[in-house]
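I opened the model to look through its helices, its aromatic rings and a few single residues. These are my entries, in the order in which I looked things up.

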Amino acid sequence: MTYNPRKIRLLMALRGAGVTDTHVLAAIERIPRELFVPEAFQDRAWEDTALPIDQGQTISQPLVVGLMTQALELLPRHLVLEVGTGSGYQAAVLSRLCRRVFTIERLKPLLREAEERFRALDIGTITTRLGDGTRGWPEQAPFARILVTAAGGPEPPKDLTDQLAIGGVLVIPLGTDHRDQKVVRFRRSEAGLIREDLWPVRFVPLLSDPPQSVRSA
């Protein structure tokens, strides 16, 4: 792997800010973030900052990616649902840590670009779908882990919690106001959901009811 001082500085900063899982750090190191940002921002790809992408969306700050991935407590055997493919960066990081990622995006141009990046990186463990992420992916449920990369309201969508396996973990930003969002982790037990508020964050809103869903591989 080519030595990149900016990447090394970022990884050290992430470790210092709380991303202590060495597997997560290794996954971030292995995924070339510069492939997921617009050409105009190539020189900032390894800065710890969110950057704009197409369709008015953003690629998340690496610290947020690291912390949310770490919060999932992934194991190699896990099947993971990601809601909000965006640039595809988060899904690519997840793919280095679990068995398969099922990712849903409601904006077709973003999804097609993400699929091209997955092919370019020869990642064969990501399956994509164009559609309403709030409805999950019932044909593939239950999921050991679910990650939502857009902010819901006060509670997570019921379809997502229903598709979470017993013993599973759901990580989602919640909040009725963009100034008062926080990442929340839910663990599903036989008795129901156990909620744990983690840290404040800002994400684009989680939207529903897009055009009819179309699956793609």
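I took the expected span of a helix as 1.5 Å times one less than its number of residues, and I took helices (H or I, at least four residues) and strands (E, at least two) as DSSP runs, numbered from the N terminus. This is a predicted model, in which local features need pLDDT of at least 70 and side-chain atom pairs count only at pLDDT 80 or more, while totals for chains, interfaces and linings use all residues. Residues are numbered from 1 along each chain as its sequence is written, and side-chain values use heavy atoms, with hydrogens and water left out.

**Helix α1**

I began with helix α1 (residues 5–16), whose twelve residues reach 16 Å from the first C-alpha to the last, close to the 16 Å expected at 1.5 Å a residue. I then looked up burial, where buried means under 20% relative accessible area, exposed over 50%, and partly exposed in between (1.4 Å probe, protein chains only). K7, L10, L11 and L14 are the buried residues I noted in α1. Seen down the axis of α1, the buried residues fall within an arc of 100°, so they line one face of the helix; the arc is that of the directions from the helix axis to the C-beta atoms. For background, I noted that an α-helix has 3.6 residues a turn, so residues three or four places apart point the same way.

The face of α1 turned away from the buried side carries the exposed residues R9, M12 and G16. Contact means heavy atoms within 4.5 Å, and what covers the buried residues of α1 includes α2 and α3. At the N-terminal end of α1 I found N4 as a cap, with a side-chain oxygen 3.0 Å from the backbone nitrogen of R6. After α1 comes G18, whose phi is positive, near 120°.

**Helix α3 and T69**

Which residues of α3 are buried? I listed P62, L63, V64, V65, G66, L67, M68, T69, Q70, A71 and L72. That makes eleven of the eleven residues of α3, so the helix is largely enclosed by the rest of the structure. α3 is followed by E73, whose phi is positive, near 55°.

Within α3 (residues 62–72) I picked out T69, which is buried with a relative accessible area of 2%. The side chains of T69 and Q90 are joined by a polar contact of 2.9 Å. A polar contact is a pair of N or O atoms within 3.5 Å; within protein, one must be able to donate a hydrogen and the other to accept it, and residues adjacent in sequence count only if both atoms are side-chain atoms. Leaving aside neighbours within four places in sequence, T69 is in contact with V24, L74, Q90, V93, L94 and L97.

**R145**

I next looked at R145 in strand β6 (residues 143–148), and found R145 buried, with a relative accessible area of 8%. The side chain of R145 reaches the backbone oxygen of E73 at 3.1 Å. The C-alpha atoms of R145 and H78 are separated by 7.0 Å, although the two are 67 residues apart along the chain.

**Helix α5**

For helix α5 (residues 108–120), the 13 residues should span 18 Å at 1.5 Å a residue, and the end C-alpha atoms are 18 Å apart, which agrees. L110, L111, A114, E115, R117 and F118 are buried in α5. Seen down the axis of α5, these buried residues fall within an arc of 160°, so they line one face of the helix. On the other side of α5, E116, R119 and A120 are exposed. Just after α5, D122 takes a positive phi of about 55°.

**Aromatic rings**

How many aromatic pairs does the structure hold? I found three, where rings of Phe, Tyr and Trp (its six-membered ring) pair if their centres lie within 6.5 Å, and planes under 30 degrees apart count as stacked, over 60 as edge-to-face and the rest as tilted. The rings of F36 and Y89 have their centres 5.6 Å apart and their planes at 65°, so the pair is edge-to-face. This pair links distant parts of the chain, 53 residues apart, with F36 in the loop between α2 (22–30) and β1 (51–52) and Y89 in helix α4 (residues 89–95). Both F36 and Y89 are buried. I also noted that F102, W137 and F143 form one aromatic cluster.
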